[in-house]
Structures are given as C-alpha cells and as structure tokens.
Amino acid sequence: MPAASQRVGRRERNKQEKLDRITAAARELFAEHGVDEVTTQQIADKADIGTGTLFLYAKTKGDLLLLAQNSTYADALARGKADAEHTGDTLDAVMAIVRPVVECNRKHVGNGRTYLREMVFGDPEEPHRRSALALAFETEAAITAVLQRELQAEPGAATLAHIVSAIMYLAMAAPNNTDRTVDELLQEIREQVRTLLPN
C-alpha cells in the first residue's frame, strides 16, 4: 500500500476519533447539566481538544447538540421500527415507533426541545442538521410503512404519517407540555392518532 494511502487512512481515523470524543463529551455534559448550562470550552476540555478544533466539527453549541442527539435518536428509531414489525394492530405499531423517539427526546426536556428547534431552524445543509432532518424523514417513512399495511394506498398513508409526525413533534416541543411525563405525552399522541385512523 502506498505511503500516501496510509497517511490518508490515519488522518481519517484521527478525525473520526476526535469526532467520537466530541460527541461523547457533548452528550455527557448536556445530559448532566443541560445545553444552556454548558459552554463549548467545557466540551473542548472534556474531549481533550482545542476550541478551534472543536469548531471544525461543529460551528455552534446547537450543532453540538444535534451531533450528540442524532445518534441517540437513530438508536431509538431503530428500536421502534423493530418493535413495530412484530405488532399487528396498526395504532399499536405506530405507537411502537413513536414511543422510543419520545422517550429519547424527553431524557432531558430542555435538551429535547432545543434539539427540535435546532432541527427545524437554520441551514438545512449544515451536516448535523441534515442528519437530524434525515432521521425525521426516516421516522415518517417508518410510520408510512406501518399505515400502508392497513390503508394499502400509499398517498393516503404518507399523508397520515406526515400528520402523525407533526402531532409527535408538536407534543414534544410544546411549552405547556414541559412538565408532562413520557406516558402522559404518549397517551395524548395516541388519542390524536386514533382519530386519524380508519375504523
């Protein structure tokens, strides 16, 4: 193997290791203190890198939150999709997808609400935001697949899945829901989704 290829490989490994350290540091500090109480300097120190290096990977604290939360959201969505595959009832299958996403988002309510705001607002071409939006679209696609079992007509299922996603995200982001438990939120979402489904 040429020496240039080895250098590129090592450089890419080093970049990935730094990204992993940044992600872990941000996730830990945000979980412990909340996004509003953590500085980028604290994240850089915990990741054992300079702040200049940190900003090569994430331009703002909001980007760092997206980076930290995206992997947890992806894991939650994977669990939900797996659970939905083994659930026959349509409403229960939709809620099987929704439940772990809501649980993930509500581990720290302030972080979860900020994550949703960061996902929606800002430059959609920013890599961490683009990843977050891809997860939102993947969630909607998973719900569409469940609804297609019952509705058979893809356009109707896709439209309903879009509405279900909106219900879920609004329930998680609404200021009047900050004190509600995960189970209370899930019950609210379930009741709204039930009204959408054909009898």
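Predicted model: local features only at pLDDT ≥ 70, side-chain atom pairs only at ≥ 80, totals over all residues.
**Helix α9**

- The buried residues of α9 are Leu-185, Leu-186, Glu-188, Ile-189 and Val-193.
- These buried residues line one face of the helix, because they fall within an arc of 160 degrees when α9 is seen down its axis.
- Asp-183 and Thr-195 are exposed, and they sit on the face of α9 turned away from its buried side.

**Helix α2**

- Helix α2 comprises residues 40-47, and its residues Ile-43, Ala-44 and Ala-47 are buried.
- Those three residues lie on the same side of α2, because the arc they cover around the axis is only 100 degrees.
- Asp-48 follows α2 and has a positive phi, near 60 degrees.

**Thr-90 in helix α5**

- Thr-90 is a residue of helix α5.
- The relative accessible area of Thr-90 is 10%, which is under the 20% limit, and Thr-90 is therefore buried.
- When neighbours within four places in sequence are left aside, the contacts of Thr-90 are Val-146, Leu-147, Glu-150 and Leu-197.

**The cavity**

- One cavity of 30 Å³ or more is found when the whole structure is searched.
- The largest cavity has a volume of about 50 Å³.
- Its lining consists of Gln-69, Tyr-73, Val-101, Cys-104, Asn-105, Tyr-115, Leu-116, Tyr-169 and Met-172.
- At least two residues of this lining come from each of α4 (61-85), α5 (90-105), α6 (109-120) and α8 (154-173).
- Helix α5 gives the most to the lining of the largest cavity, namely three residues.
- By class, the lining of the largest cavity holds seven nonpolar residues, two polar residues and no charged residues.

**The largest pocket**

- The largest pocket contains about 420 Å³ of space.
- Helices α6, α7 (127-151) and α8 are the elements that give two or more residues to the lining of the largest pocket.
- There are 17 lining residues, and those nearest the centre of the largest pocket are Leu-116, Met-119, Val-120, Tyr-169 and Leu-170.
- Eleven residues of the lining of the largest pocket are nonpolar, three are polar and three are charged.

- The volume of the second largest pocket is about 180 Å³.
- Its lining is formed by Arg-27, Phe-30, Ala-31, Leu-65, Ala-68, Gln-69, Thr-72, Cys-104, Asn-105, Lys-107, His-108 and Asn-111.
- Helices α1 (3-33), α4 and α5 each contribute at least two residues to the lining of the second largest pocket.
- Helix α4 provides the largest share of the lining of the second largest pocket, with four residues.
- The lining of the second largest pocket has five nonpolar, five polar and two charged residues.

Definitions and conventions. Residues numbered from 1 in each chain as written. Heavy atoms only, no water. 1 Å grid on protein atoms, 1.4 Å probe; cavity = no way out; pocket = protein on both sides within 12 Å on 5 of 7 lines; lining within 4 Å. Points joined across faces, edges and corners; volume = space filled by probe spheres on them. Nonpolar A, V, L, I, M, F, W, Y, C, P; charged D, E, K, R; others polar. Buried < 20%, exposed > 50% of the residue type's maximum accessible area, 1.4 Å probe, protein only. Contact = heavy atoms within 4.5 Å. Arc of directions from axis to C-beta.
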